[in-house]
Amino acid sequence: MLLSQERFCHFLPESLPDNLTSYTLFISAMTKVALVTGSNKGIGLAIVQSLCKQYGGDVYLSSRDVGRGTAAVEKLQSEGLKPFFRQLDITDPESVRAARDFFKEKYGGVDVLINNAGMAFKVADTTPFGTQAKVTLKTNFFATRDMCNEFLPIIKPGGRVVNVSSIMSSIALNRCSPELQARFRSSDITEEELVGLMERFVKEAQDGVHSKGGWPDTAYGISKTGVTVLSRIHARKLRQERPADQILLNACCPGWVRTDMAGPKATKSPEEGAITPVYLALLPAGAEEPHGQFVSDKMVQPW
């Protein structure tokens, strides 16, 4: 039987482990924890900032670079907030597994996971499109998939998973061939089929035949189409395999946000961009929706 933290405390005098280390681990496992990937700057940093103010648990800021990550933590600490830091490179499987093991051992899992880490080439970048496709999908789709596959098994009951996608996922979808659109919108597409389609896009982009294959000229857009569809697949699996755990998983668009990626002309501040991801991360206990949806401005969008 699961006990609330308040009720649990009444049992402490009779149930304390003899070993102090075991007791410390026991208490840590009772603590809620949120992890935000790619959060040393931009939207990710704003998400951590907002969670530190609203979330009743430990909040972890993560980044590939330890120096930039610790500097971001110190910045938030100077504002009176108390984030923790975890080095995490989502493109490095060993780094992902090490982070998974850390949270499993210290907290018994993760309550909130926000997959925010991502990248995009600038519009004026002259890197060949095939290279852009390979690099962009490696981070935005394949690495995000690795994060989900390693962390979903340790998401605690009542947990929340938010995959930061983009409105470009929907725009790119609508520019795909009718055949591709039908598969990306289907309710029976499998993760294996989706991975195959993403690999096909990269290969056809590298061979210079992606347009003939029904793909649009946007590696970033297709990478985020993959993230949105992956979210729908994983949400479906959670309902099938862990229905009693009431875990909610969604994809979202933070909007056009003034970041290094989007540039200074974007219409939203990072704090405004954090609103929808944080809203989904803090959906109340017992909520059943949204789940497996694409959400923008806190509203479910058609797919």
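In what order do the eight strands of the open sheet run? The order is E3-E2-E1-E4-E5-E6-E7-E8, with mixed pairing. Here two strands pair if DSSP finds at least two bridges between them, and strands (E, at least two residues) and helices (H or I, at least four) are DSSP runs numbered from the N terminus. Before going on, please note that this is a predicted model, in which local features need pLDDT of at least 70 and side-chain atom pairs count only at pLDDT 80 or more, while totals for chains, interfaces and linings use all residues. Residues are numbered from 1 along each chain as its sequence is written, and side-chain values use heavy atoms, with hydrogens and water left out.

The structure holds twelve aromatic pairs, where rings of Phe, Tyr and Trp (its six-membered ring) pair if their centres lie within 6.5 Å, and planes under 30 degrees apart count as stacked, over 60 as edge-to-face and the rest as tilted. One of them is Phe-129 with Phe-201, edge-to-face at 6.1 Å centre to centre and 85 degrees between the planes. This pair links distant parts of the chain, 72 residues apart: Phe-129 belongs to helix H7 (residues 129-151) and Phe-201 to helix H10 (residues 191-206). Phe-201 counts as buried because its relative accessibility is 0%, whereas Phe-129, at 21%, counts as partly exposed. The cut-offs are under 20% relative accessible area for buried, over 50% for exposed and in between for partly exposed (1.4 Å probe, protein chains only). Phe-294 and Trp-303 have ring centres 6.0 Å apart and planes at 65 degrees, so they too are edge-to-face; both residues are buried.

Tyr-60, Phe-84, Phe-102, Phe-103, Tyr-107 and Phe-151 form one aromatic cluster.

Finally, look at His-234 in helix H11 (residues 219-241). His-234 counts as buried because its relative accessibility is 2%. Not counting residues up to four places away in sequence, His-234 touches Cys-148, Asn-149, Leu-152, Glu-191 and Leu-249, with contact meaning heavy atoms within 4.5 Å.
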